[in-house]
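Here are my notes on the model you sent.

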Amino acid sequence: MSVLPIADEALLQAIVGGCGPAQRRALAKAITLIESTRADHRERADALLDALLPHAGGAFRLGLSGVPGAGKSTFIEALGMYLVERGHRVAVLAVDPSSTVSGGSILGDKTRMQRLASHPNAFIRPSPSGGTLGGVADKTREAIIVCEAAGHDIVIVETVGVGQSETAVHGMTDCFCLLQLPNAGDDLQAIKKGVMELADLIAINKADLDEAAAMRARVQITSALRFFGTHARGGQAAEEGQAWQPEVLQVSALHSKGLDAFWAAVTRFREHQAARGLQAARRRAQDRAWMWERIEAGLHERFKAHSAVSEALPRLTDDVQAGRVAPSVAARRLLDLMN
Ligand code: GDP
C-alpha cells in the first residue's frame, strides 16, 4: 500500500473520521480526484482508494432504473427522506449513459432532489461524464467506496432505463429495482425481458393516477415474472431452490405513498440474501467482473495506443478488407506486435 501525501492523508481523515459539512466537502473532493483523467491524480486516487477500502463495504447498495419520466428522482427523493428521517445516511450516485456521448449529465440537474440534497445526512452526486459507459460506471463504483468509507449506510445508484447502463448498475448493487409506470402491464413487450430478469423488485409508480391500471400492471408483471422463471436470475441459488422471487409493489413517489411497503420488501430481500450468503457471493462475483472489465478496457486502450500496432493497423485493415489476409490472422499479427 502506498503512503499518502499529507494533503490526501487529511482528506482520508476528513472522510473516515469527519462529520458535517467538512466531511461532505472531503467526500466531494475525493470523488473529483477519482473522476480526474490526469495520470498524477489517478495515482493519488488509487492510493486513497487503497486507504479507504478497509472502511468501505458496510452499506446496502440499491440500484434503481426506469425510463425517463417514470419518476426516479421523485422516488429517490421520497425514499431518501424516508430513510434519513429514520436515522440512515443516504448517498445517491448515478450512471448516466448519455453523459458518455454529450459530456453533460441529464441526471446532474441541480434542481433535482433539492429537499434531500440539503439534508445533512444525504449526499447526492451526479453521474460522472465523458468516456465510455464502462469508464463512467467505473467511477461510480469507486464513488461507492468513498461514500461507504464516510459512513453512508445506504447507497442508491440511479440509471436511466435504456441500454447497457442497467446491466452496469445491476453489477454494482445488492438489490436492483425497476420503476415502472401504471400502463406497463398493457404493453409487456415494452419491458425488455433481459431487464426484467435483472430486477429483484419492481415498483409501479404513479399508482395515484390510476389505481386500477396500477393493480392490473402489478398482476400482469407478477405473472410475467413467473413465466420468465427464476432460473435465469438465480444461477446456482435457483438450482438449489433458493432464488429470490421478485416482488411487485405499487407506490406513489409524489405523495410518498407505499414507501413503508417498499422498504419492507427491500428488507425481506436483504434478509433472504444474507441468510444464504448470497449478498456476499454477489459482491465477490461483482468485484471479479469489475476487475476483468477494467483489465479488458485497459488492454484495449493500450493496444490502440501501441506505436507498432498503430503503424501496422491501417495496412493490415486494408489487407483484411481486400481479402488478402483473414481477419483472425490479422488480429493475431497485431496482438503479437504488443509483445
Ligand atoms: P425521472 O425522469 O424518472 O427522474 O422522473 P421524475 O422524477 O422527474 O418525474 C417525472 C414526472 O412525473 C414529474 O412531473 C413528477 O412530478 C411526476 N411524478 C413522479 N412520481 C409521481 C407519482 O407518484 N404520481 C404522480 N401523479 N406523478 C409523479
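1. D200 is buried in this predicted model. Its relative accessible area is 4%. The residue forms a salt bridge with R282, and the closest N and O atoms are 3.1 Å apart. D200 sits in the loop between helix 9 (193-198) and strand 6, while R282 belongs to helix 14, so the pair ties together parts that are 82 residues apart in sequence. R282 is buried too, with a relative accessible area of 15%.

2. The side chain of R294 meets that of D138 at 3.7 Å, N to O. Are the two partners buried or exposed? D138 is buried, at 8% relative accessible area. R294 counts as partly exposed, at 25%.

3. Helix 7 (residues 133-149) also supplies E148. E148 and R61 meet through their side chains in a salt bridge of 2.7 Å, N to O. R61 lies in strand 1, so this contact ties together parts that are 87 residues apart in sequence. E148 is buried, with 5% relative accessible area. R61 counts as buried as well, at 13%.

4. How many salt bridges does the whole structure hold? The search finds 12. Beyond the pairs above, please look at R42, D46 and E142, which are linked in a network of salt bridges.

5. Strand 5 (residues 175-180) deserves a look. All 6 of its 6 residues are buried, so the strand is largely enclosed by the rest of the structure. Both faces are covered. C175, C177 and L179 lie on one side, with F176, L178 and Q180 on the other.

6. Which strands pair with strand 5? Strand 1 (residues 60-66) runs parallel to strand 5, joined to it by 4 bridges. Here S65 has L178 as its bridge partner. Strand 6 (residues 201-204) also pairs with strand 5 in the parallel sense, over 4 bridges. There, C177 is partnered with L201.

7. On cysteines: the count comes to 0 disulfides. C175 is in none, and the nearest cysteine sulfur, that of C177, is 6.6 Å away. A disulfide needs the two sulfur atoms within 2.5 Å. C175 is buried, with a relative accessible area of 0%, whereas C19 is exposed, at 62%.

8. Helix 4 (residues 72-84) is mostly covered, with 11 of its 13 residues buried. Among the buried ones are K72, F75, E77, G80 and Y82. From the first C-alpha to the last, helix 4 reaches 18 Å, close to the 18 Å expected at 1.5 Å a residue.

9. Last, the surface. M291, W292, I295 and L299 form a nonpolar patch there. Together they have about 400 Å² of accessible area. M291 is found in helix 14 (residues 278-305), and counts as partly exposed at 47% relative accessibility. As a general point, an α-helix has 3.6 residues a turn, so residues three or four places apart point the same way.

Notes. Residues are numbered from 1 along each chain as its sequence is written. This is a predicted model: local features need pLDDT of at least 70, side-chain atom pairs count only at pLDDT 80 or more; totals for chains, interfaces and linings use all residues. Side-chain values use heavy atoms; hydrogens and water are left out. Buried means under 20% relative accessible area, exposed over 50%, partly exposed in between (1.4 Å probe, protein chains only). Patches are made of residues with over 30% relative accessible area and no salt bridge: like charges are joined within 9 Å, nonpolar side chains (Val, Leu, Ile, Met, Phe, Trp, Tyr) within 5 Å. Accessible areas come from the Shrake-Rupley method with a 1.4 Å probe; for residues, only the protein chains shown count as cover. A salt bridge is a side-chain nitrogen of Lys or Arg within 4 Å of a carboxyl oxygen of Asp or Glu. Helices (H or I, at least four residues) and strands (E, at least two) are DSSP runs, numbered from the N terminus. The expected span of a helix is 1.5 Å times one less than its number of residues. Two strands pair if DSSP finds at least two bridges between them.
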